[in-house]
Amino acid sequence: PLSEVSEFNVKEYQQLKVKAQDSSQIERLRGDIESMGFTIAALSDTVEQANKIFRAVQIVLAIFGMIALFVSAIGMFNTMTIALLERIQEIGIMRAIGASHRDISALFLTEATIMGFLGGIGGVVIGYLVGEIFNLGINILAANLGGQPIDLFERPTWFIFTIIIFSTIVGFATGVFPARKAAKLNPLSALRYK
C-alpha cells in the first residue's frame, strides 16, 4: 500500500497491478485503463496466446495423424493382399467343399475389420500410456520447481469412440478389394496355384 512506502518519496511508478473482482469486469477495466493512456498486459492475453499456440499444435498433430492413418491403411491393404496371395489354395479348397463367394468375401472383410478395430484400440491405449508418462514427467518437474500438478491431456469419450469406429471403418474399406478378388477366384485355378 502507498501508506507503507510514503517515507521513500516515490513520485513515479513503472508498473501497477490491477486485480478485477470478477472476470466479467476485465474488458471494462481494460478500456478504462487504456483511456487513461496506459499500456496493459493482462494474464488473459497470455492465456489467449497460449491457446493459439496449442490450436496450431493440434492442427499439426492432426495432419500427422491423417498421414499416419493413410500409411496404416496402405499397410493394412498390403497385409490383406498378401494374405490373399498366401491363401489362394485354401480358398480353392473352401470353394471346392462348398463355400460360396459370399462366405469367402465375408471371411476377408471380417479379418480386415477386426484388424482395423484392434489397431484403433491399440492406438488409443498407446496414446493414453504416452500421455500418462508425459504428464508424470511434467508433474515431477513442476513439483521440483514448486508448481502445482496438472493434467495436460484431455481424453473425451466421444473422441476415443470416434477413433475406434473410424479405424474399424478404414479396416473394412481396406479389405473390400482383396475380399472381392478372393471371392472371384476360380476354384480349379486356385487349387492349382503354387
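Two parts are in contact here when heavy atoms lie within 4.5 Å of each other. Keep that in mind for the helix packing below.

This is a predicted model, with residues numbered from 1 along each chain as its sequence is written. Local features need pLDDT of at least 70, side-chain atom pairs count only at pLDDT 80 or more, totals for chains, interfaces and linings use all residues, and side-chain values use heavy atoms, with hydrogens and water left out.

Helices are DSSP runs (H or I, at least four residues), numbered from the N terminus. Let's start with H3, which spans residues 88–96. Ile88, Ile91, Gly92 and Arg95 are buried there, where buried means under 20% relative accessible area, exposed means over 50% and partly exposed is in between (1.4 Å probe, protein chains only). Looking down the axis of H3, you'd see its buried residues fall within an arc of 100°, so they line one face of the helix. That arc is taken from the directions from the helix axis to the C-beta atoms. What do the buried residues of H3 pack against? They pack against H2, H4, H5 and helix H6 (187–192). Just after H3, Gly98 takes a positive phi of about 120°.

**Salt bridges**

The structure holds five salt bridges, each being a side-chain nitrogen of Lys or Arg within 4 Å of a carboxyl oxygen of Asp or Glu. Side chains of opposite charge can pair when their charged atoms come close. Here are some of them:

| Pair | Closest N and O atoms |
|---|---|
| Glu27 and Arg30 | 3.8 Å |
| Arg28 and Asp32 | 3.1 Å |
| Arg155 and Glu132 | 3.0 Å |

Glu27 and Arg30 both sit in helix H1 (residues 26–35), three residues apart, or about one turn of the helix. Glu27 is exposed at 55% relative accessible area, whereas Arg30 is buried at 16%. Arg28 and Asp32 are also in helix H1, four residues apart and separated by about one helical turn. An α-helix has 3.6 residues a turn, so residues three or four places apart point the same way.

Arg155 is partly exposed at 29%, and Glu132 counts as partly exposed at 32%. Elsewhere, salt bridges that share partners join Arg87, Glu90 and Glu111 into one network.

**Rings**

Arg87 turns up again with a ring: its charged end sits over Phe108, 5.1 Å from the ring centre. The test is NZ of Lys or CZ of Arg within 6 Å of the ring centre and within 35 degrees of the ring normal.

How many aromatic pairs does a search of the whole structure find? It finds three, counting rings of Phe, Tyr and Trp (its six-membered ring) with centres within 6.5 Å; planes under 30 degrees apart are stacked, over 60 edge-to-face and the rest tilted. One of them is the tilted pair of Phe77 and Phe177, at 5.9 Å centre to centre with 35° between the planes. Phe77 lies in helix H2 (residues 43–86) and Phe177 in helix H5 (residues 157–183), so the pair ties together parts that are 100 residues apart in sequence. Phe77 is partly exposed at 34%, and Phe177 is partly exposed at 47%.

Terms used:
Helix = DSSP H or I, 4+ residues; strand = E, 2+ residues; numbered from the N terminus.
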